[in-house]
Amino acid sequence: MNSAIPSRELPSCLRDEEVLSPDTDGQDRKKDGKPGSPSGNSSHLAYGILDVPPWYLCIFFGIQHFLTALGGLVAVPLILAKDLCLQHDPLTQSYLISTIFFVSGICTLLQVFLGVRLPILQGGTFAFVAPSLAMLSLPAWKCPEWTLNASQVDPSSPEFTEEWQKRIRELQGAIMVASCVQILVGFSGLIGFVMRFIGPLTIAPTISLVALPLFESTGEDVGIHWGISSLTIFLIVLFSQYLKNVAVPVPVYEGWKKYRTAKFYVFQVFPVLLALCLSWLLCFVLTITDVLPSAPTDPGYLARTDSRGSVLSQAPWFRIPYPGQWGLPTVSLAGVFGIIAGVISSMVESVGDYYACARLAGAPPPPKHAINRGICIEGLGCLLAGAWGTGNGTTSYSENIGALGITRVGSRRVIVAAGCVLLVMGVFGKIGAAFVTIPTPVIGGTFLVMFGVISAMGISNLQYVDMNSSRNIFIFGFSIYCGLVIPSWVNRNPEKLQTGILQLDQVLQVLLTTSMFVGGFLGFLLDNTIPGSQEERGLLAWSQIYKESETTLQASKVYGLPWGAGTRFCTCSCARVLPFWPKPGQEDAGHRPNEPLLLSILSRAPEYQDQMAAGSANQTTQDHQPRSHLAP
């Protein structure tokens, strides 16, 4: 597809008088006079990373990503509410939810424009929840008994306000200090240096263990009401797999042509949004007809759309979150050390997410400078989250990477729209609170499908290694299994890690209960210490992929800095030595690094351009094909 669609041109999934799937873009074109043989639909995208869908589709796609991330965004403030003494103050909970929406929107836009530049959404991270709860469980920060009694809590009283605000200010300070470590790691290029030792046997368990350990919490959400969850799962599978090639006639307005009918593959591009809305609507009908249980103690009560009705009724229509809204942050050593452990886990997860996102979006693997920028911007996002007072940091959202795999819409512009949607939801409290009423079983059913896609994407990286080798089988199997067993044991036996040093206990607790850290670390350690050939380890194919990601024109378009930075502006030699700055030659569209200089000069001659016209057209067609086969 073209990287920009003219205003009068319809996208490939929307055409008049004929049905053209977005999957077949370029597949039926002739090459060397022979018809191209179509390949499987699973490897193609409706919109690639550089494609620009129409604005109205971008809005719907952005809302779909917002809904996909909604469960995680809302869950973090609700989990922290009890230890912040806020379980009986739903209005303040809605403020925290709006704040995390707003900050997530800012961080998403920063990541897309200045960070790794992949279509990856930023939001609250569960890696910070464990150290946050550990800090708040210290004797000095335990909630007074009177805050646990709803009859004694007056949300408007200064005493109660100070009780919860001093706790969140402590979280803010710890997060802001710890985020500086992440900024330093990205700014210095340490992540990019380490990436030369990371191969498929490290990335595969890291990505897979992002989703595999979540089966228990997902099962709890799904089990609240298996009927509603099963319907959501059925609809997503039906729309994304069975009906993806079914075109639906829709009216199209084109200015002076007025209205006409075109075919639109709605089930292929909106499977998650359609499934969520239909299941949500059914829950609303079952709620107003009192079919669902009305007793809060009944497990099926959370399937009702009014189970969180207090948030909607009390939230204001308009409220702009601002830095320092809860007061001046405070800092303690114990909190900082605990959050640093969460930062380490978050960075390991994010590097794996970058590779998974690049593969699903049809982009080349991220080069070192892009990874450095991504980690640096995530650290900046955590700094902003601490300043605004979300009680949490930010990280790349694995749920939305799974949405890319199902919808096959990898456009960067869509994530920009999702960031704007998050900003709007954070400002208009009533609108944001309305989405909080999505029943838990609906969210659980969506996660069950999404996490399955993420796990499979992690395992798919093993295609580059020799899986007939007992060495590789041992490394992957051992890493995966330890990534599941060790965190489970530590969670059941936290007292076994008591060293007498509180800060060290918190660091060990967080690291050893983070599955992707345990599995990824073991995969990294064993792959770099157990003898094995480069070909056996998959490093030959991996290095070739990585080399192409550094030098190809496609990679420069995807990961280059925006607005010509590094090419037409800011081209001084001082900037080029920075670890997060694209290297010289990567952004030169007229001369590729591996192209002979004489051929580059000749190609600019008018008489030579005519001879190269056909070849250039073919090359352009190939450049716009999804390059998922290059991604690890």
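**Exercise 1.** Work out whether Arg 304 is buried or exposed in this predicted model.

*Solution.* Start with the number: Arg 304 has a relative accessible area of 5%. The cut-off for buried is under 20%. So Arg 304 counts as buried.

**Exercise 2.** Find where Arg 304 lies and what its side chain reaches.

*Solution.* First, locate the residue: Arg 304 lies in the loop between helix 10 (271-288) and helix 11 (309-314). Next, follow the side chain, which reaches the backbone oxygen of Thr 287 at 3.5 Å. Then list the neighbours. Leaving out residues up to four places away in sequence, Arg 304 touches Thr 287, Asp 290, Leu 292, Pro 293, Ser 294, Thr 437 and Pro 439.

**Exercise 3.** Find which cysteines the disulfide joins, and say which parts the pair ties together.

*Solution.* Step one: the structure holds 1 disulfide. Step two: this link joins Cys 85 to Cys 143, with an S to S distance of 2.1 Å. The cut-off is within 2.5 Å, so the pair qualifies. The angle about the S-S bond is -105 degrees, and the link of Cys 85 and Cys 143 is left-handed. Cys 85 sits in the loop between helix 1 (55-81) and helix 2 (90-113), and Cys 143 in the loop between helix 3 (129-136) and helix 4 (158-188), so the pair ties together parts that are 58 residues apart in sequence.

**Exercise 4.** Decide whether Cys 85 and Cys 143 are buried or exposed.

*Solution.* Cys 85 has a relative accessible area of 0%, so this residue is buried. Cys 143 comes in at 17%, so it counts as buried too.

Notes:
Residues are numbered from 1 along each chain as its sequence is written. This is a predicted model: local features need pLDDT of at least 70, side-chain atom pairs count only at pLDDT 80 or more; totals for chains, interfaces and linings use all residues. Side-chain values use heavy atoms; hydrogens and water are left out. Helices (H or I, at least four residues) and strands (E, at least two) are DSSP runs, numbered from the N terminus. Buried means under 20% relative accessible area, exposed over 50%, partly exposed in between (1.4 Å probe, protein chains only). A polar contact is a pair of N or O atoms within 3.5 Å; within protein, one must be able to donate a hydrogen and the other to accept it, and residues adjacent in sequence count only if both atoms are side-chain atoms. Contact means heavy atoms within 4.5 Å.
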